[in-house]
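Biologist: I should like to understand the reasoning behind the terms used for a protein model. Please set each value against its cut-off.

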Amino acid sequence: MTTKYCVKYELGKCARFQRDTMGEKLVEPLTLKHGENEYKLKFNCKPCEMEIWEKDAELEFEDEDEQLGYSFK
């Protein structure tokens, strides 16, 4: 499932809109738990979307700075 709601934004850790105040980055993958159900979260920062996947899904995670085109040298 893809949603515009973003857990990173709600936690104040959004690299796109809260870069100056976010502090340390979160270690991914983040996980949502509801009872016995568990879901992995994948963040697509460029289009500002969050994907919710089953806990066993094989996902590749790209750094949010790379997604947004930030380079630090």
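The dialogue below takes up confidence, folding pattern, core, cysteines, a salt bridge and backbone.

Modeller: Please note at the outset that this is a predicted model. The mean pLDDT of the chain is 85, and 88% of its residues reach 70 or more.

Biologist: Which elements have the lowest and the highest mean pLDDT?

Modeller: Helix H2, residues 64–68, has the lowest mean, 69, whereas strand E1, residues 2–3, has the highest, 93. Where pLDDT is low, the predicted coordinates should not be read in detail.

Biologist: What pattern does the chain follow along the sequence?

Modeller: The pattern reads β-α-β-β-β-α, and the chain holds two helices and four strands. The chain has 73 residues, and 30% of them are buried.

Biologist: Which residues make up the largest nonpolar core?

Modeller: Eight residues form it: Cys 6, Val 7, Leu 30, Leu 41, Phe 43, Cys 45, Met 50 and Ile 52. Two elements each give two or more residues to this core, namely strand E3 (37–44) and strand E4 (49–54).

Biologist: Which residues does Met 50 touch, leaving aside those up to four places away in sequence?

Modeller: Met 50 touches Met 1, Thr 2, Thr 3, Tyr 5, Cys 6, Val 7, Leu 41, Lys 42 and Phe 43.

Biologist: Why is Cys 6 called buried?

Modeller: The relative accessibility of Cys 6 is 16%. Buried means under 20%, and therefore Cys 6 counts as buried.

Biologist: How many disulfides are there by the rule in use?

Modeller: The count is zero.

Biologist: What makes Cys 48 partly exposed?

Modeller: Its relative accessibility is 28%. Cys 48 lies in the loop between E3 and E4. Although Cys 48 is not a glycine, it has a positive phi of about 60 degrees.

Biologist: How do you know that Glu 28 forms a salt bridge with Lys 8?

Modeller: The closest N and O atoms of Glu 28 and Lys 8 are 2.5 Å apart. The cut-off is 4 Å, so the pair qualifies as a salt bridge. A search of the whole structure finds one salt bridge. The pair links distant parts of the chain, 20 residues apart: Lys 8 is in helix H1 (7–10), and Glu 28 is in the loop between helix H1 and strand E2 (30–34).

Biologist: Why are Lys 8 and Glu 28 placed in the classes they have?

Modeller: Lys 8, at 4% relative accessibility, counts as buried, because the limit for that class is under 20%. Glu 28 has 27%, which lies between 20% and 50%, and so Glu 28 counts as partly exposed.

Biologist: What is the form of the peptide bond from Glu 28 to Pro 29?

Modeller: That bond is cis, with omega near 10 degrees. Pro 29 is placed in the loop between H1 and E2.

Definitions and conventions: Residues numbered from 1 in each chain as written. Predicted model: local features only at pLDDT ≥ 70, side-chain atom pairs only at ≥ 80, totals over all residues. Heavy atoms only, no water. Core = buried A, V, L, I, M, F, W, Y, C linked by side-chain atoms within 4.5 Å. Buried < 20%, exposed > 50% of the residue type's maximum accessible area, 1.4 Å probe, protein only. Contact = heavy atoms within 4.5 Å. Disulfide = S-S within 2.5 Å. pLDDT = per-residue confidence, 0-100. Salt bridge = Lys/Arg side-chain N within 4 Å of Asp/Glu carboxyl O.
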